[in-house]
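Hello,

Here is the structure I promised to pass on. Please have a look, then read my notes below.

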Amino acid sequence: MHVRTLTGHLAVAALLSFPLLSGEAVAAGSPPDAANSPAAARVLTYDASGSAEFRSAVDRGAAIWNESVEGAELRPAAAGQRANIRVLADDGWPRALTTSLGSGTVWIGRQAVDEGYDTVRISSHELGHILGLPDRKPGPCSSLMSGSSAGTACTNPYPDAAEKAEVESNFGEAAGSPSAVAVPEPVLVED
């Protein structure tokens, strides 16, 4: 009797694994084209409740990244939800403290705004740090990550093609490997 039960279980296991061996397996509940569809964007939530007068600039900066890349999507955190990104206003210089790819704190500093720098460019630039981009100074206005080195006349809040590609690469690799998401040490980037 034990042999018959064991043989029956082996037969069922063989039948269930046949599609895996033939390369035609589709996960239960997945649409038929799931294997051919691009990976879903990694959703990153942000809390801009502490960004004071810069709230609309923060929302616009997040929207610019959403328009520019597919690998990550920035959304406002729901009430009571713990956000990946905290955005604060203060009297200092704009900066970002990245705790891991897609997580950290951004400060929209009034010092740069008082000197004439564009609030949407600041917001988009600092969110770029959270998305894994470093400063690229000095640089032209066409490079979002050139930051303050482009001067106060520069109001371009959009990442260039290389910056977009780098974020896509960061999040494409992170989507495939949970360990690629963690950064062991916090990184403070002051512009």
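Which residues does Glu-163 touch, leaving aside those up to four places away in sequence? They are Leu-133, Arg-136, Ser-143, Leu-144, Met-145 and Tyr-158. Bear in mind that this is a predicted model.

Glu-163 sits in helix H5, residues 161–176. Glu-163 is buried but has no salt bridge. Arg-136 carries the nearest side chain of opposite charge, 4.4 Å away. Glu-163 does have a polar partner: its side chain makes a polar contact with the side chain of Ser-143, at 2.8 Å.

Next, helix H4. This helix covers residues 119–130, 12 residues in total. From first C-alpha to last, H4 reaches 17 Å, close to the expected 16 Å. H4 is mostly covered, with 11 of its 12 residues buried. Among them are the charged residues Arg-121 and Glu-126. At the start of H4, a side-chain oxygen of Asp-118 comes to within 3.2 Å of the backbone nitrogen of Val-120. Just after H4, Gly-132 has a positive phi of about 100 degrees.

Last, the aromatics. The structure has one aromatic pair. The rings belong to Trp-93 and Tyr-117; their centres are 5.7 Å apart and their planes at 80 degrees, so the pair is edge-to-face. Trp-93 is in the loop between strands S3 and S4, and Tyr-117 in the loop between helix H3 and H4, so the pair ties together parts 24 residues apart in sequence. Both Trp-93 and Tyr-117 are buried.

Best wishes

Definitions and conventions. Residues are numbered from 1 along each chain as its sequence is written. This is a predicted model: local features need pLDDT of at least 70, side-chain atom pairs count only at pLDDT 80 or more; totals for chains, interfaces and linings use all residues. Side-chain values use heavy atoms; hydrogens and water are left out. Helices (H or I, at least four residues) and strands (E, at least two) are DSSP runs, numbered from the N terminus. Buried means under 20% relative accessible area, exposed over 50%, partly exposed in between (1.4 Å probe, protein chains only). A salt bridge is a side-chain nitrogen of Lys or Arg within 4 Å of a carboxyl oxygen of Asp or Glu. A polar contact is a pair of N or O atoms within 3.5 Å; within protein, one must be able to donate a hydrogen and the other to accept it, and residues adjacent in sequence count only if both atoms are side-chain atoms. Contact means heavy atoms within 4.5 Å. The expected span of a helix is 1.5 Å times one less than its number of residues. Rings of Phe, Tyr and Trp (its six-membered ring) pair if their centres lie within 6.5 Å; planes under 30 degrees apart count as stacked, over 60 as edge-to-face and the rest as tilted.
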